[in-house]
Amino acid sequence: MWYHKPVIDEELLQSLPNLKIVSSSGVGIDHLDLKLLSRFGVKLSNTPFVVSTDTADLGMALMLASARRLVEGYHMAVSPDTEYFPANWLGVEVSGATLGIVGMGTIGYKMAQRAKAFEMKILYHNRNQRNKEEESAVGAVYCKKIDDLLQQSDFVMLAVTLTPQTHKLIGKRELELMKPTATLINISRGLVVDQDALVEALQKKVIKAAALDVTYPEPLPRDHPLLKMQNVIITPHIGSATEDTRRVMMREMAESIEAALAGLPVPNEVP
């Protein structure tokens, strides 16, 4: 499967009685019915680890671009109407700011490693607390309650998997807990955020800005209000989109298929 295609439904599985495995690109499996696959005796694999470095890099890029207003600045610099650069056109500082990471898995931890190099204060919320050595290595402080993280962070980075528990994890209440100077960055899945609540929060200046690699749907309708806001950056779900990573993803998918066909243990099998 690449870009969630083909759709794996009961009709397809019934038409493929000899199917041994579905090998899905990327880390997310929210587009798949695991119970259905299990019922047909079909194995499932993904490529969870290879995408983490590139996705963390993009998270940092989105944070920096939003903070320093790079997209707005680019349009100002190339506009035929620009006669001078205003001296009071300012961004916000990243170094020394507080980054709150929601979801401290592989991608979240790599984000913390990058943020440490920017001398940021790092908070994180996760189902399970990391061990003290891992926390100490990046200077991260665990927030058992997400509310504590939201109230203290200058930048909130979403790096969770999409599950029933994280569906619309960030809604109106959570956005109102954030600082009015805060930026929301989403590198996970669009449905982790209540998008209507986000639009309202940005329009009413409940939060300062948003930087999104994911939305719902993808792409957004061309008349969607998020596309018209100067304080919003949207990229086309490109967290893992580098030539090297996509090549490794394809190789890992092929290795999983070969293993399943040979009756061997499947690398990166999803239980």
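Pro-219 lies in the loop between strand S8 (209-212) and strand S9 (232-234); helices (H or I, at least four residues) and strands (E, at least two) are DSSP runs, numbered from the N terminus. The peptide bond that leads from Glu-218 into Pro-219 is cis, with omega near -5 degrees. The model is a predicted one, in which local features need pLDDT of at least 70 and side-chain atom pairs count only at pLDDT 80 or more, while totals for chains, interfaces and linings use all residues. Residues are numbered from 1 along each chain as its sequence is written, and side-chain values use heavy atoms, with hydrogens and water left out.

A cis peptide bond is also found from Lys-5 to Pro-6, where omega is near 0 degrees. Pro-6 belongs to the segment before helix H1 (10-15). His-4 is likewise placed in the segment before H1, and its phi is near 65 degrees, a positive value in a residue other than glycine. Most residues other than glycine have a negative phi, and most peptide bonds are trans.

The protein chain is divided into domain 1 (10-49 + 242-270) and domain 2 (51-81 + 92-234), with bounds that come from an automatic or database domain assignment. The C-alpha centres of domain 1 and domain 2 are 30 Å apart. Contact (heavy atoms within 4.5 Å) involves 10 residues of domain 1 and 6 residues of domain 2. Between them, domain 1 and domain 2 bury about 680 Å², 52% of it on carbon and sulfur atoms; buried area is the accessible area (1.4 Å probe) that two parts lose on being put together, summed over both.

Side chains of opposite charge can pair when their charged atoms come close. A salt bridge is a side-chain nitrogen of Lys or Arg within 4 Å of a carboxyl oxygen of Asp or Glu. The whole structure has 15 salt bridges. One of them joins Asp-147 to Arg-173, at 3.0 Å from N to O. This pair links distant parts of the chain, 26 residues apart, with Asp-147 in helix H7 (residues 146-152) and Arg-173 in helix H8 (residues 172-177). Between domain 1 and domain 2 the count is 1 salt bridge. Arg-189 and Asp-30 also form a salt bridge, and their closest N and O atoms are 3.2 Å apart. The side of domain 1 that touches domain 2 consists of 4 nonpolar, 5 polar and 1 charged residues; here Ala, Val, Leu, Ile, Met, Phe, Trp, Tyr, Cys and Pro count as nonpolar, Asp, Glu, Lys and Arg as charged, and the others, Gly among them, as polar.

In an unreviewed entry, UniProt places the feature "domain: D-isomer specific 2-hydroxyacid dehydrogenase catalytic" at residues 3-270. UniProt positions are given in the numbering used here, feature names are shortened, and annotations may be inferred rather than shown by experiment. Residues 3-270 are 36% helix and 13% strand, and the end C-alpha atoms are 18 Å apart.
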